[in-house]
Amino acid sequence: MGLKPLEFSDCLLDSPYFRDSIHDHEKELDQANGAIKSLIKECQNLIKALENLSKAQASFSGMLQSFKLRYIGEVDVDDEYEYDTILSRKMSISQNYCVKFAERPGVDGEPQPKHFSYTKCDFPSLEDGENFVIVKTLYLSVDPAQRCQMNEDTGVTYLLPWQIDEVITGLGSCVIVESRNPKFKKGDLVLASLGKCKWQLYWKTNVEDLNPCVADGKLDIVYYGLPGLTSILGVQLHGES
């Protein structure tokens with residue numbers, strides 16, 4: 001049951017009904033005031049707990065990343081190498097995410113957030129020999145050409161359409177996080193070929209689809225991506241005329 005309404009006419013008469021209503025309102029205000037103070041206190045406690053949790057997570061993550069297994073003998077056997085690699089990767093990675101294509105906007109439709117999904121995904125693993133590496137995406141190039149990949153038919157032969165519920169692709173620069181290939185080592189900056197770079201934090205790729213970066217990864221996208229190639233071709237084709 002709600003509070004009794006307060007009428008201005010009752011205030012002038014100062015009736016017993018008005019006095020009872022005033023008392024009920026004052027009591028309700030006191031209770032609301034107490035509840036708000038308790039809520040503020042609990043929020044402050046929650047913020048403090050989250051700050052402590054964040055510090056604890058950072059400390060624990062640092063401890064795990066500095067953890068090093070000691071093996072018997074001078075040479076690690078394959079099982080020890082595999083275990084150490086997996087352990088170090090799991091320690092250094094907290095989550096893996098990707099962007100998937102959820103819905104086609106139509107040939108003339110404007111792309112909206114609903115046409116994509118941002119979701120967690122599994123960690124990649126190296127089980128296909130030395131022709132594959134695991135990379136971490138650093139920079140992604142968003143190009144006009146990707147708009148045609150949202151259609152069922154791109155209209156060109158060098159770009160394939162994105163498929164529903166699959167990770168979208170493009171051009172991007174990455175860093176090697178795990179490799180058994182002599183061409184690339186951990187920490188190398190690489191440029192993934194057009195249409196080969198997944199919009200995913202950590203992913204596995206063939207070394208044939210990678211090229212060493214000549215700059216910091218960000219500039220490589222500018223110079224060797226579609227904008228840079230378009231500029232170069234424009235100068236070469238039209239600069240001579």
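Leaving aside neighbours within four places in sequence, V207 is in contact with E130, N131, F132, V133, N181, K183 and F184. Bear in mind as you look around that this is a predicted model.

- You will find V207 in the loop between β6 (202-206) and β7 (210-212).
- V207 counts as buried because its relative accessibility is 4%, and the cut-off for buried is under 20%.
- S179 is 28 residues away from V207 in sequence, yet the two C-alpha atoms are 9.6 Å apart in space.

**The largest nonpolar core**
- V207 belongs to the largest nonpolar core, a set of 11 residues that also holds V133, V135, C174, I176, F184, V190, A192, C197, W203 and L210.
- At least two residues of this core come from each of β3 (132-141), β4 (169-179) and β5 (189-198).
- β5 gives the largest share, with 3 residues.
- Apart from this core lies another one of 6 residues, including V99, M150, W162 and I168.

- Not counting residues up to four places away in sequence, V190 touches V135, G172, S173, C174, I176, F184, L210, N211, P212 and C213.

**The protein as a whole**
- There are 5 helices and 7 strands, arranged along the sequence as α-α-α-β-β-β-β-β-β-β-α-α.
- The protein has 241 residues, and 27% of them count as buried.
- Of the contacts between residues at least 6 apart in sequence, 63% join residues at least 24 apart.

Notes: Residues numbered from 1 in each chain as written. Predicted model: local features only at pLDDT ≥ 70, side-chain atom pairs only at ≥ 80, totals over all residues. Heavy atoms only, no water. Core = buried A, V, L, I, M, F, W, Y, C linked by side-chain atoms within 4.5 Å. Buried < 20%, exposed > 50% of the residue type's maximum accessible area, 1.4 Å probe, protein only. Helix = DSSP H or I, 4+ residues; strand = E, 2+ residues; numbered from the N terminus. Contact = heavy atoms within 4.5 Å.
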